[in-house]
Amino acid sequence: MAKDFNILVEKLNSFKNRYYSYRIVKGVFITLLLLVSVYTLFSLVEYFIYLSSDIRAFLFYGFILFTVFLTAHFIVWPLLKLISIIKPITIKERSRLIQKHFPEIKDKLLNIIELREIGDSQYSSEIVNASIDQKIGEISIFNFKEAVQYKDLKFISVYFLLSIIVSLSIFSFNKSLFTNSTYRIVHYKEHFEKPAPYNFYLKNENLEVKKGEPYTIFAECLGSDIPEVVYINIGGNSYVMKNSSPGTFEFEIASVINPLHFFITDLKYRSEDYFLTLLPAPGITGFTVTATPPAYTGLTDAKFENTGDLQIPGGTKIKWSFQGVDIDSLYFLFSDSSHISSVKNENVFNIEKYLYKSSDYQVYINNRITEPELTFSYSIDVIPDLYPEINVIAIQDSTRLSRYFYKGLIVDDYGFTALNFHYNVNNSDSLINIPVVRNLKEQEFYFSFDFADAPVESGVITCYFTVTDNDVINNYKTTSSESYIVEIPDKNEILAE
């Protein structure tokens, strides 16, 4: 008896699996049928009516909740029962379902289960088991799986196919009916106007403008019965656009300082919303220039505020320090095509350069969005270090003809390094240093020399003076005076005197 009853239980379990599998397949058909039908209905309504934002939000979230409900009720719930995560139908409930399909079984299957539950205290176990065996034998010819017929899905599958055919036909005829409607429902927060007999088109290709710069908005109206007056709505305020030609309108904003939301309208129909992006425009707010002349000039550092045109000595070190807003890089372009990039320190851009000749230079700035743009053009006038000047007067001593007196004046823009007296004997140059004050720009000197002390008995000696300035950068500059020819009398005659 036990073996026959276990076989019966296995058949009832197989029925349960087939029953829930059938429920899942049927649930898939029902879910898809309802979703396709509702989606098509929503799309049709939105396409022709242009629902408000609130109603579109209701449709959007309602469709999501409806999808979740159908999936949970018709697919997930039977699936959980099939894998016994949720308690499935009991054996008695299975028996009733089978009995509905096989009326000839009557109550035999249910009686078997009830007899199995009877205890030994009331009836003889032999009598109960015999009764169970008898009833199992009577219903053994039935295949319980046949109580679930997949062909019963034929009716709902036909409706599902019809809904698919209808939706595909609409899609093939007018694809935008689904795409546009779906887009508007999904973007329910946006405002969409029902198409007008004419349309507004923005002709601007690039909706970007640098902060503080002017910007002109160009619009075109195409269609039938084009309006004569068109407005641009910026931040809720409407402004009349200039009618530059039939169907063409423009509006100039003198200075854009904030990002703008706007649309084009004739107060009856309107365009889509547009957004004018504000680009961070780089700008210099101020700069300082520090000029450090060469040490030999004796000049002190000079500092200039917001002044780029300079006049400096040759070899001066210039340091520029720029402050600005929305600047990522800054560089100079000199008239000789040389390019110098700045070094950024916090919010200050520094450039240093030694200058030895006059030059023009241009200042370029940019950031991660903008291209490099010319901001300033300046000139630097470099004053070259001049050669020193020397003027000498020679006077012969009337009492001693071999002795000469010299009076001179030396001039230089930044002072002197050396003053020397040279005399040439037998192509051999001799030098005598004459002390000078280094930092004086102009000074007189006096010098005398007795050529009797020269290493020659008599003859002609060539002499001259040289003066050297302080220009260490250019390896100093030396100027020679005019040459003097001195005739030396016989030394014996000089000694005789």
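Modeller: The turns below take up salt bridges, strands, a surface patch and a pocket. Please bear in mind that this is a predicted model.

Biologist: How many salt bridges are there by the rule used here?

Modeller: The general idea is to look for a side-chain nitrogen of Lys or Arg within 4 Å of a carboxyl oxygen of Asp or Glu. In this model the count comes to nine salt bridges.

Biologist: With which residue does Glu-46 form a salt bridge, and where do the two partners lie?

Modeller: The partner of Glu-46 is Arg-184, and their closest N and O atoms are 2.6 Å apart. Glu-46 belongs to helix α1 (residues 2-49) and Arg-184 to helix α7 (residues 176-186). The pair thus links distant parts of the chain, 138 residues apart. Both Glu-46 and Arg-184 are buried.

Biologist: Which residue pairs with Asp-450 in a salt bridge, and is Asp-450 buried or exposed?

Modeller: Asp-450 forms a salt bridge with Arg-400, with 2.6 Å between the closest N and O atoms. Asp-450 is in strand β24 (residues 442-450), while Arg-400 is in the loop between β20 (389-396) and β21 (403-411), so the pair ties together parts that are 50 residues apart in sequence. To judge burial, one compares the relative accessible area with a cut-off, and under 20% means buried. Asp-450 has 12% relative accessibility and therefore counts as buried. Arg-400, with a relative accessible area of 27%, is partly exposed.

Biologist: What is the partner of Asp-471, and which residues are joined with Asp-471 into one network?

Modeller: Asp-471 forms a salt bridge with Lys-477, the closest N and O atoms being 2.4 Å apart. Asp-471 is buried, with a relative accessible area of 0%, and Lys-477 counts as buried at 7% relative accessibility. Salt bridges with shared partners join Asp-385, Asp-469, Asp-471 and Lys-477 into one network.

Biologist: Let us turn to strands. With which strands does β22 pair, and how many of its residues are buried?

Modeller: Strand β22 (residues 416-425) is mostly covered, with eight of its 10 residues buried. Strand β25 (residues 459-469) runs antiparallel to β22 and is joined to β22 by eight bridges. Across that pairing, His-422 stands opposite Tyr-464 in β25. Strand β23 (residues 428-434) also pairs with β22 in the antiparallel sense, over seven bridges. There, Asn-424 has Asp-429 in β23 as its bridge partner.

Biologist: What do β22 and β23 form, and how many residues lie between them?

Modeller: They form a hairpin with two residues between the strands. In the turn, Asn-426 has a positive phi of about 55°.

Biologist: Which residues form a nonpolar patch on the surface?

Modeller: The patch is made of Phe-155, Val-158, Tyr-159, Leu-161, Leu-162 and Ile-165, which together have about 630 Å² of accessible area. One of them, Leu-161, lies in helix α6 (residues 154-173).

Biologist: Finally, what is the volume of the largest pocket, and which element gives the most to its lining?

Modeller: The largest pocket has a volume of about 630 Å³. It is lined by 22 residues, and those closest to its centre are Phe-192, Glu-193, Arg-270, Ser-271 and Glu-272. The elements that give two or more residues to this lining are α7 and β1 (198-202). With four residues, β1 gives the most to the lining.

Definitions and conventions: Residues are numbered from 1 along each chain as its sequence is written. This is a predicted model: local features need pLDDT of at least 70, side-chain atom pairs count only at pLDDT 80 or more; totals for chains, interfaces and linings use all residues. Side-chain values use heavy atoms; hydrogens and water are left out. Buried means under 20% relative accessible area, exposed over 50%, partly exposed in between (1.4 Å probe, protein chains only). Two strands pair if DSSP finds at least two bridges between them. Patches are made of residues with over 30% relative accessible area and no salt bridge: like charges are joined within 9 Å, nonpolar side chains (Val, Leu, Ile, Met, Phe, Trp, Tyr) within 5 Å. Accessible areas come from the Shrake-Rupley method with a 1.4 Å probe; for residues, only the protein chains shown count as cover. On a 1 Å grid over the protein atoms alone, a cavity is a set of points where a 1.4 Å probe fits but cannot get out, and a pocket is an open set with protein on both sides within 12 Å along at least five of seven lines; lining residues have an atom within 4 Å of a point. Grid points are joined across faces, edges and corners, and a volume is the space filled by probe spheres set on the points.
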